[in-house]
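Hi,

Here is the model I promised to pass on. Have a look at it first, and my notes follow below.

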4 protein chains.
Amino acid sequence: MSMKHLPVTNLGVCAARSPQKFSVRKHDDGAHFVADNTRIRFNTEFTPGAPEMDDICFEKAGPRARIFFDPATVRAAIVTCGGLCPGLNSVIRSVVMEFHFNYGVKEVTGIRFGYAGLNPANGYEPVMLEPDRVDEIHNDGGSILGSSRGSEKPEIMVDYLVSRGINILLCVGGDGTQRGANAISKEVARRRLPIAIVGIPKTIDNDIMYVQRSFGYVTAIEVAREVLDSAHNEAKGAPYGIGMVKLMGREAGFIAAGATLASQHVNFCLIPEIPLVIGGPHGFLNFLYKRMVGRQHAVIAVAEGAGQDLFASASGEHDASGNIKFQDIGLFLKSRISEHMASAGLPVNLKYFDPSYHIRSVPANCGDGILCDLLARNAVHAAMAGKTDVLIGLSNEAFIHVPIAEAVARKKRLNTAGDAWRAVLASTGQPEHYSPA
Amino acid sequence: MSMKHLPVTNLGVCAARSPQKFSVRKHDDGAHFVADNTRIRFNTEFTPGAPEMDDICFEKAGPRARIFFDPATVRAAIVTCGGLCPGLNSVIRSVVMEFHFNYGVKEVTGIRFGYAGLNPANGYEPVMLEPDRVDEIHNDGGSILGSSRGSEKPEIMVDYLVSRGINILLCVGGDGTQRGANAISKEVARRRLPIAIVGIPKTIDNDIMYVQRSFGYVTAIEVAREVLDSAHNEAKGAPYGIGMVKLMGREAGFIAAGATLASQHVNFCLIPEIPLVIGGPHGFLNFLYKRMVGRQHAVIAVAEGAGQDLFASASGEHDASGNIKFQDIGLFLKSRISEHMASAGLPVNLKYFDPSYHIRSVPANCGDGILCDLLARNAVHAAMAGKTDVLIGLSNEAFIHVPIAEAVARKKRLNTAGDAWRAVLASTGQPEHYSPA
Amino acid sequence: MSMKHLPVTNLGVCAARSPQKFSVRKHDDGAHFVADNTRIRFNTEFTPGAPEMDDICFEKAGPRARIFFDPATVRAAIVTCGGLCPGLNSVIRSVVMEFHFNYGVKEVTGIRFGYAGLNPANGYEPVMLEPDRVDEIHNDGGSILGSSRGSEKPEIMVDYLVSRGINILLCVGGDGTQRGANAISKEVARRRLPIAIVGIPKTIDNDIMYVQRSFGYVTAIEVAREVLDSAHNEAKGAPYGIGMVKLMGREAGFIAAGATLASQHVNFCLIPEIPLVIGGPHGFLNFLYKRMVGRQHAVIAVAEGAGQDLFASASGEHDASGNIKFQDIGLFLKSRISEHMASAGLPVNLKYFDPSYHIRSVPANCGDGILCDLLARNAVHAAMAGKTDVLIGLSNEAFIHVPIAEAVARKKRLNTAGDAWRAVLASTGQPEHYSPA
Amino acid sequence: MSMKHLPVTNLGVCAARSPQKFSVRKHDDGAHFVADNTRIRFNTEFTPGAPEMDDICFEKAGPRARIFFDPATVRAAIVTCGGLCPGLNSVIRSVVMEFHFNYGVKEVTGIRFGYAGLNPANGYEPVMLEPDRVDEIHNDGGSILGSSRGSEKPEIMVDYLVSRGINILLCVGGDGTQRGANAISKEVARRRLPIAIVGIPKTIDNDIMYVQRSFGYVTAIEVAREVLDSAHNEAKGAPYGIGMVKLMGREAGFIAAGATLASQHVNFCLIPEIPLVIGGPHGFLNFLYKRMVGRQHAVIAVAEGAGQDLFASASGEHDASGNIKFQDIGLFLKSRISEHMASAGLPVNLKYFDPSYHIRSVPANCGDGILCDLLARNAVHAAMAGKTDVLIGLSNEAFIHVPIAEAVARKKRLNTAGDAWRAVLASTGQPEHYSPA
């Protein structure tokens, strides 16, 4: 077996001693510091006797005993990009607190409205983030900085950093945002500037590689479960009732699957990873028909990215983040189900729920709040140690340094041969596949 | 001043002694019983010296020392009609418990799917409701019996009651349902049958006359507030963000107003009682434009019944309950706002929320749970005392007997000169009126 | 019948025109203002033909078209006293907003830590309350001002008001606090100062006269219900399990009764209004024993003020508010139940819950949030109109002006012959009374 | 490096083909089945160049293509032991559903009140668990089966299994329970009976080895956070206020640490892993004194197992599970803090919260609900495959088979050199250690 290390870029020699409080105590042998060559292996599953597969490993995140930046000279900034996600304010808060209290960095700037705030032409003045200002924000949804989709030219953004004297930039966002962070890093490197760019992964869809669980996800399924339970009540509350809930998940069905397992009342969970066939004897509509004949009610959870190939032609449109604009699978199914059942002599009462904006704007629950805190503090550690073009990942419950280019090379998908999907099949009783014949 | 009593119909002489436990104890002087001639006056506001206005009063609800029905001969039934509403299962549970434990009535039947379940042609078999079956249901949303809109012919429904030997029918529903109960009562009276028909008012819109607060309403505003808070987060989370939430309220703005007061983050609360003018210098769009220029974000709560006169021609369609089908004011405003702001050079990020199905399907909160319990028990008391064609109302915190015909003669509207609306104006800062010029 | 009006004190002639926005619009005939002679009658129940009882009526609260204070000269202050209660921050917020936006009063001061903050000797500097400072506080429990029990000498407090130029003081608290406000009012009157003292009733126990429902109460029963449900789970989760929850309620059982109705899983609800007898065949322990033999588990909700006469001698101690220190009925019952059941050969698993500090510190729910908003705004209206020595009450869903001395003359008790207690008896199946023999 | 495999016991040859639905579909190559020799390595951290440490690995859990038991002959039973924990009903439900729908096992028996229910002398009759009976229970706290501490003689319990024909027993509980399961396994092995004993780990303290996250834990910290927030409100709500919350955690501080990170308002988090010194210049009381002087309020989270060495002599008592009875550190600290601060001239307002019974009895949140579902289904898979004396563990997000004896050999402790504790130190600002001088 060969073990490949995925190294991250360092800005230079770490000459300064970390001011972390626990480093200066008597009898302190530095146990709290993480050595720079500590590694976390990615794969843990193997079969004895089988040919060994290549494996990869990552640097372990955490505070370093020696750091690159002198705290007295640090001007840090944080920017939140893309759609809202539970936990953004928790991340902002813990970043400010860690910089302030543990590294003695007094100047942390909040960039407004995503990367747009890094282009002076947009006129969004940044805000100073003091501990008092952020002390209570972790209990609120949204982002006190605002957010936006899309990016700006790297040259303009780096000019902005230079003009403001910012030498650490933390970029909170999904793969589009991290591509932007990667582009900023390249421009910074081209100019040989001592500026650290560190990514904090944010994807309510939970689909970033090397991030075993992203913040906002468990909060999202908590709210999604409540909506599924309402859908269940509507389904049972009317003759031939169907409750259908569209959930987030453009390319991965984690939210739909997680909420299905939490609710246990879903009969069909449709995700992007399983091709959706509508018609025919082994198509979705016929399975649904049989369910309605047998049990008179049904609950459907559909990920927004499911069944996109059903649409005659993709719209070809992209949103400001560069994502392809999806057709609305929920409205499509609502219409097709109603028609099909009516023509089959089984007129249904279909209630359709589209709670995505609500879900993504609620405050983080405890699981996510803790995750945000740890991601944020590890991002500060990485930046202070001069790591750059790096994203804080989570693998086997260890926080790791992932080169941004590796993290965005492909997206994480739900393993349809794994425990969770097997449990979804067991809980729903739905077919494994849909096929036209 | 003349005080007009609105009497309810009695099936006949109350000859039986109530088996309520508290009536048979030593030293019990019957304080728990309510005398049949106790009255509750409706109006409480007056101006000394001013000409006195006519007033009305109602019978006070509650257990009577002497009752009409012999518990041994009672076959009771309960039916839930119309849209779902938090608290339906609480009502069902307390009805069963009161009949069973306090009156010794062992047979309580649950009719499935509203009045449709009273027509054998629909084939919905009723269920027996035992205490064990209903013991935990008050913590669930929906209705274990199911519900449906629309009515059946009174003759058919009365035939059904007779064929099953049912002599008490409790009808849980809104004004359409109560009209149905009134029709059943008339048919029962025509046939001179000793069957009591008692209504339990259910309107999430809170718009039934002589029902000061209907169950489900405070639960609804609790969830609506959460969604408004999400809308607030979305509005502040994007450049020129607007969060707009459509809430229930066909003819009355109670939910929109209540949720606005609870949230305190709404800038425009649009209700059916205040005519909506879109264009012009004193129209809604211009007020919104000024808000966006001044503060860069806004939250809008719009009742589904607001601005219906804006639509060129009403659809003329009715739903199964006989309600006029409304045009979707939310989608209309979403489109008009986006166009208007874009053409005014202020492109907005508008997020639209339509949470009605979710709101109406959640479990009842404590306030509603208690209200359901008291309504249900008073409905059982009324029925056992032989009251019929009567609805349990709530006036000045007293439960009352309201003749159904009086209750459905007109709908309750939000008093736009009262405390609540004044506080909405104060909290939102919105204009009192919209006018075209 | 004679109708007695309970008038409130006015500081003087209302010469100024109210700056409330809705008063200056075209076509506005002042509908939003409340005439000073509008009355709300207190009693609504009567029996035709019976001798009429004396009745009382109150001034209706609300904005007056003419006010006493010139907003430009107002320096307002607010103080929160006694134990914490859900909704305190909502009250503070709405007071600030109403003064600021609707009356143009820019200076609202927050007194720290109750009446202690009105004595300079304690060294608690007040805080300025600006709209930005209070904008989000209604979602937090506690009081941003802090609170304390006890009072200070009226002379010292009035000296403080005079030294700071404060001419409106809003006192949020229970009957001890309102007695303090009354004392301040008297000292103000003695000095003939134009200072308005207005009380906002705060009692989580819900026991202030002429306040039909006080803020914090429904939030309290919401949390209490959750704890009762946990107690129910513990009771059913062990052999011969008993879950006992001590709830607030020194002299009135509103919280215990409300939470019992909301939970529907309580078997014994013990309140101060019903004397508690422990031993003997008709004592509590024997009823509990029978329940345990019959059903093997039980849930008990006990108000802190229940059974105080059981203690051999009262402690005679008082807390800083002047309340008699109660013996702990919960611990007493826990011990007595365990002993009794063990000696009866039925050793029980008793889990005891004492959640009062948690309950009183949570954020207000919607029902309470709205109530706080309306109380706060009406208190501001009263003060601006020059009303003094007055408390904002609630009667028959109308906000009223209650002379403080009348409000504190006696406490409200739960009506054990009314709907709620009758429903508690029905839901629990508990005996009406306990007697020694 | 040597990799040691920790094998589990198999009852015998797996001759039967699994009836899992997904195994019989076209194009199905068995991807959903887990090969019996698939391994999960435990350690993932390493340092290149350093001497390699010994490592261990476990069997991966999941459905096997060939199983030991013929479903037609299986009589399964489930028993829940020890204290209540959020998620017990979710486990019960998913066990029943997996047996019933995926393996066709129709007879699943629920043992009442823990191991006590396996001794006929106690007279607890078991209940049959049908899908309809358990369909809604996952939304309820507690255990529908009840629970108890302590064990029974293995001979008696095995006699019971034999007499009832039970050949699969799932034991849900903590390390005491698993020791009991191990003893049953040994007795079963001694008699050479084909009975599978499978453990499902339950520890709200999260302290079982090889179980990276146990069910109930995240729900517990969710409720604990709410209580900490109330404590924070109480602390800020009174002059020199202190809110102190005792939380679960006999030997490990996971709940106290997790709730501290979620709340971010805790100033001292006291856990069993860090020795507690009360007095002296570097003792807890002096640190607390400094905090009170500096900030005037404080929040303390204390695990029940913290500071047990402070007590002059341990009580020596054990509870029915064999746990040493702890002295109450919360009451001890409450008294010591009050005395110390008073004598230091700083009388504090200390509010003490003890919410453990409430926390452990609430329903599971989504994260725990999903975990319960997966644990339960994997336990059924293990049992059907004839695994015995095994517990379902979780390592690196993979479910594993852990020999029970290994799992109970020692307890998991919070790593005080890891991310979470480092973040606790950062968030609280508390000292790393307490020392007497």
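Both faces of S18(A) are covered: A:Val390, A:Ile392 and A:Leu394 are buried on one side, and A:Leu391, A:Gly393 and A:Ser395 on the other. Buried here takes 20 or more other C-beta atoms, placed from the backbone, within 10 Å of the residue's own. In a regular strand the side chains alternate between the two faces of the sheet. Strands are DSSP E runs of at least two residues and helices are H or I runs of at least four, numbered from the N terminus.

Please keep in mind that this is a predicted model: local features need pLDDT of at least 70 and side-chain atom pairs count only at pLDDT 80 or more, while totals for chains, interfaces and linings use all residues. Residues are numbered from 1 along each chain as its sequence is written, with chains lettered from A and ligands numbered from 1 in the order in which they are written.

S18(A) spans residues 390-395. Pairing (at least two DSSP bridges between strands) links S18(A) to S12(A), residues 196-201, in the parallel sense over two bridges, and A:Gly199 has A:Leu391 as its bridge partner. Six bridges join S18(A) to the antiparallel S19(A), residues 398-403. These two form a hairpin with two residues between them, where A:Asn396 in the turn has a positive phi of about 50°.

Now to chains B and C: the contact (C-beta atoms, placed from the backbone, within 7 Å) takes 50 residues from each of chain C and chain B. H10(C) gives the most to chain C's side, with seven residues. S5 of chain B pairs antiparallel with S4(C) over two bridges, and B:Phe46 stands opposite C:Arg39.

Best wishes

Note on methods: Contact = placed C-beta atoms within 7 Å. Buried ≥ 20, exposed ≤ 12 C-beta atoms within 10 Å, placed from the backbone.
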